[in-house]
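Thanks for asking me to look this one over.

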Amino acid sequence: MSDDQEVFCGSCRNYCHGHTVTTYNDNGEVLRIVCGDCDLAERVARYMCTRVIESRLLLSAVCRTTDDDWSGEVRASYERIKMRVKYLERSWWLGAVQQMIDASSQRGWRADHALLTMLVWSCAGRTMVTLERHDGDHITLIAATSETGSTMGVQGIQATETTALAILDDAIRAHEAGALTLVPDDKVGMI
Ligand SMILES: [Zn+2]
């Protein structure tokens with residue numbers, strides 16, 4: 001969007017300075033433009049109703065210095081989720097799985113399990129791992145493909161804390177039971 005266009009927020013009706021968020025319909029037509037403040041307020045309101053943590057809300061919470069009720073809560077959830085991610089990293093990623101992916105020219109992999117689907121995509125020294133429930137809730141992790149130390153972190157999320165922890169636990173248990181076998185899948189792309 002060029003700077004000389006005047007854009008007014010579809011929610012507060014004020015002139016939008018800087019950051020705007022545009023919603024499109026399926027035909028690519030603009031449905032609505034809102035200012036950054038209104039967008040955040042709407043995302044926070046959704047979170048307060050559902051407790052579903054979305055990637056952009058998580059980013060907003062992590063970047064925030066004030067301890068609002070919502071951002072402190074999201075950051076606390078994030079800390080607990082990160083601890084479980086570290087457990088998954090130690091039990092599943094570091095070792096045989098990492099070595100297999102690091103040594104392979106194959107970029108996309110997947111593992112299907114009764115409780116979740118795991119999609120793995122490796123490129124340019126980074127490996128992304130999406131753990132997805134069949135209802136669409138998911139968490140995406142990222143790790144350095146060749147580094148043997150702890151590098152795994154959260155890249156994206158669409159789940160409550162409870163669900164995110166359950167997804168990670170399901171993956172850990174499935175791996176421990178030998179039921180999370182990665183197979184090459186060229187259809188797995190940028191995830
Ligand atoms: Zn606004």
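1. Is Ala124 buried or exposed? This is a predicted model, and in it Ala124 has 7 other C-beta atoms within 10 Å. A residue counts as exposed at 12 or fewer, so Ala124 is exposed. You will find Ala124 in the loop between β5 and β6.

2. Phi of Ala124 is near 50°, a positive value in a residue that is not glycine. Most residues other than glycine have a negative phi. Arg51 is another non-glycine residue with a positive phi, of about 60°. Arg51 sits in the loop between α1 (36-50) and β3 (52-54). With 16 other C-beta atoms within 10 Å, Arg51 is partly exposed.

3. Now for the overall layout. The chain has four helices and nine strands, and from the N terminus on they run in the order β-β-α-β-α-α-β-β-β-β-β-α-β. Along the principal axes, the C-alpha atoms fill a box of roughly 55 × 35 × 30 Å. Of the 191 residues in the chain, 23% are buried. Taking contacts between residues at least 6 apart in sequence, 50% join residues at least 24 apart.

4. Apart from neighbours within four places in sequence, Leu131 is in contact with Leu116, Met118, His138, Ile139, Ile167, Leu168 and Ala171.

5. Helix α4 deserves a point of its own. This helix covers residues 161-176, 16 residues in all, and reaches 22 Å from its first C-alpha to its last, close to the 22 Å expected. Its buried residues are Ala164, Ile167, Leu168, Ala171 and Ala174. Seen down the axis of α4, the buried residues fall within an arc of 130°, so they line one face of the helix. In general, an α-helix has 3.6 residues a turn, so residues three or four places apart point the same way.

6. What lies on either side of α4? The cover over its buried residues includes α3 (69-103), β5 (117-123), β6 (126-132), β7 (138-144) and β8 (153-160). On the face turned away from the buried side are the exposed residues Thr162 and Glu176. After α4 comes Gly178, with a positive phi near 75°.

7. Finally, please look at Cys35, which belongs to strand β2 (residues 30-35). Cys35 counts as buried because it has 23 C-beta neighbours inside 10 Å. Leaving aside neighbours within four places in sequence, its contacts are Cys9, Cys12, Asn14, Cys16 and Thr20. As for distance across the model, the C-alpha atoms of Cys35 and Arg126 are separated by 33 Å, and the two residues are 91 apart along the chain.

Key: Residues are numbered from 1 along each chain as its sequence is written. This is a predicted model: local features need pLDDT of at least 70, side-chain atom pairs count only at pLDDT 80 or more; totals for chains, interfaces and linings use all residues. Helices (H or I, at least four residues) and strands (E, at least two) are DSSP runs, numbered from the N terminus. The expected span of a helix is 1.5 Å times one less than its number of residues. A residue is buried if 20 or more other C-beta atoms lie within 10 Å of its own, exposed if 12 or fewer, and partly exposed in between; C-beta atoms are placed from the backbone. The arc is that of the directions from the helix axis to the C-beta atoms. Two residues are in contact if their C-beta atoms, placed from the backbone, lie within 7 Å.
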